[in-house]
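This report goes through a single protein chain, from its overall make-up to a few selected residues. Please look at the sequence and the structure before reading on.

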Amino acid sequence: MSAVTEALHVLVLLGSGTVAGVLFAVALSTVPALAAMTPDRYVQAHTLLGRNWDPTMPLIVLGTTLLDLWLAFRTTASTPRALIVVAAVCLLGVSVVSHFRNVPINRRVHRTDPAAIPTDWADPRPVWRRWHLLRTALALVAFTANSLAVTAF
């Protein structure tokens with residue numbers, strides 16, 4: 001196995017593991033904490049929590065997806081290649097769910113004035129949570145597929 005392939009293995013495990021770990025931690029700890037808050041505190045906390053994740057996570061997710069695709073192209077063994085493609089598709093799913101479901105909700109929350117929550121405010125937390133759980137599951141499958149692929153070489 002070449003040094004480039006070994007480096008790609010490390011990078012896809014690091015990237016998919018980071019994505020899965022972050023999303024799992026958010027699902028396990030942050031989501032329940034935000035659900036317990038009053039709407040004004042939720043808007044404040046949600047806005048603060050997203051400041052560093054919003055620009056960082058897309059880079060990690062898409063970067064790892066591209067590395068998976070590159071690794072799949074370089075791989076000749078069919079089982080590892082299939083697992084790597086599964087990982088790439090799942091990470092692409094994480095990106096699609098994030099971009100088209102969670103991020104639009106995040107933007108609406110960030111535009112909400114916590115001091116002026118309307119009485120008819122449609123609380124986005126239940127819908128956001130459902131989409132987050134889907135992308136968390138996809139990220140966990142991607143990490144598992146990458147792990148199995150690397151051990152199958």
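Two residues are in contact, or touch, when heavy atoms of theirs lie within 4.5 Å.

## Basis of the report

The model is predicted: local features need pLDDT of at least 70, side-chain atom pairs count only at pLDDT 80 or more, and totals for chains, interfaces and linings use all residues. Residues are numbered from 1 along each chain as its sequence is written, and side-chain values use heavy atoms, with hydrogens and water left out.

## Overall make-up

The chain has 4 helices and 0 strands, in the order α-α-α-α from the N terminus. Helices (H or I, at least four residues) and strands (E, at least two) are DSSP runs, numbered from the N terminus. The C-alpha trace spans about 60 × 20 × 20 Å along its principal axes. Among contacts with a separation of 6 or more, 82% join residues 24 or more positions apart.

Of the 153 residues in the chain, 36% are buried. Here, buried means under 20% relative accessible area, exposed over 50%, and partly exposed in between (1.4 Å probe, protein chains only). The accessible surface of the chain is about 8,500 Å², and carbon and sulfur atoms hold 68% of that surface. Such areas come from the Shrake-Rupley method with a 1.4 Å probe; for residues, only the protein chains shown count as cover.

## Charges and the salt bridge

The chain carries 12 positive and 7 negative charges, and their mean positions are 5 Å apart. Lys and Arg count as positive and Asp and Glu as negative, while His and the chain ends are not counted. The place of a charge is taken as NZ of Lys, CZ of Arg, CG of Asp or CD of Glu.

A salt bridge is a side-chain nitrogen of Lys or Arg within 4 Å of a carboxyl oxygen of Asp or Glu. The count by this rule is 1 salt bridge. It joins the side chains of Asp123 and Arg125, at 2.7 Å from N to O. Asp123 is partly exposed, with a relative accessible area of 33%, whereas Arg125 is buried, at 13%.

Asp68 is part of helix α2, which covers residues 39-74. Asp68 is buried but has no salt bridge, and the nearest side chain of opposite charge, Arg81, is 11 Å away. Leaving out residues up to four places away in sequence, Asp68 touches Val12, Ile84, Ala87, Ala88, Leu91 and Asn146.

## Either end of helix α2

Pro39 also lies in helix α2. Pro39 counts as partly exposed because its relative accessibility is 31%. Apart from residues up to four places away in sequence, Pro39 touches Ile117, Trp121 and Arg125. Pro39 and Ala115 are 76 residues apart along the chain, and their C-alpha atoms are separated by 9.6 Å.

Thr75 sits in the loop between α2 and α3. Its relative accessibility is 3%, so Thr75 counts as buried. With neighbours within four places in sequence set aside, Thr75 is in contact with Pro80, Arg81, Ile84 and Phe153.

Helix α1 covers residues 3-35 and includes Gly17. Gly17 is partly exposed, at 24% relative accessibility. Not counting residues up to four places away in sequence, Gly17 touches Val12 and Phe143. Gly17 and Val127 are 110 residues apart along the chain, with 25 Å between their C-alpha atoms.

Val26 is found in helix α1 as well. Val26 is buried, with a relative accessible area of 17%. Beyond its neighbours within four places in sequence, Val26 is in contact with Val31, Pro32, Trp128 and His132. Val26 and Leu71 are 45 residues apart in sequence, and 29 Å apart in space from C-alpha to C-alpha.

## A nonpolar surface patch

Which residues form the nonpolar patch on the surface? They are Leu62, Leu92, Val96 and Phe100, with about 370 Å² of accessible area together. Patches are made of residues with over 30% relative accessible area and no salt bridge; like charges are joined within 9 Å, and nonpolar side chains (Val, Leu, Ile, Met, Phe, Trp, Tyr) within 5 Å.

Helix α3 (residues 78-111) supplies the largest share of the nonpolar patch, 3 residues. Phe100 lies in helix α3 and is exposed, with a relative accessible area of 54%.
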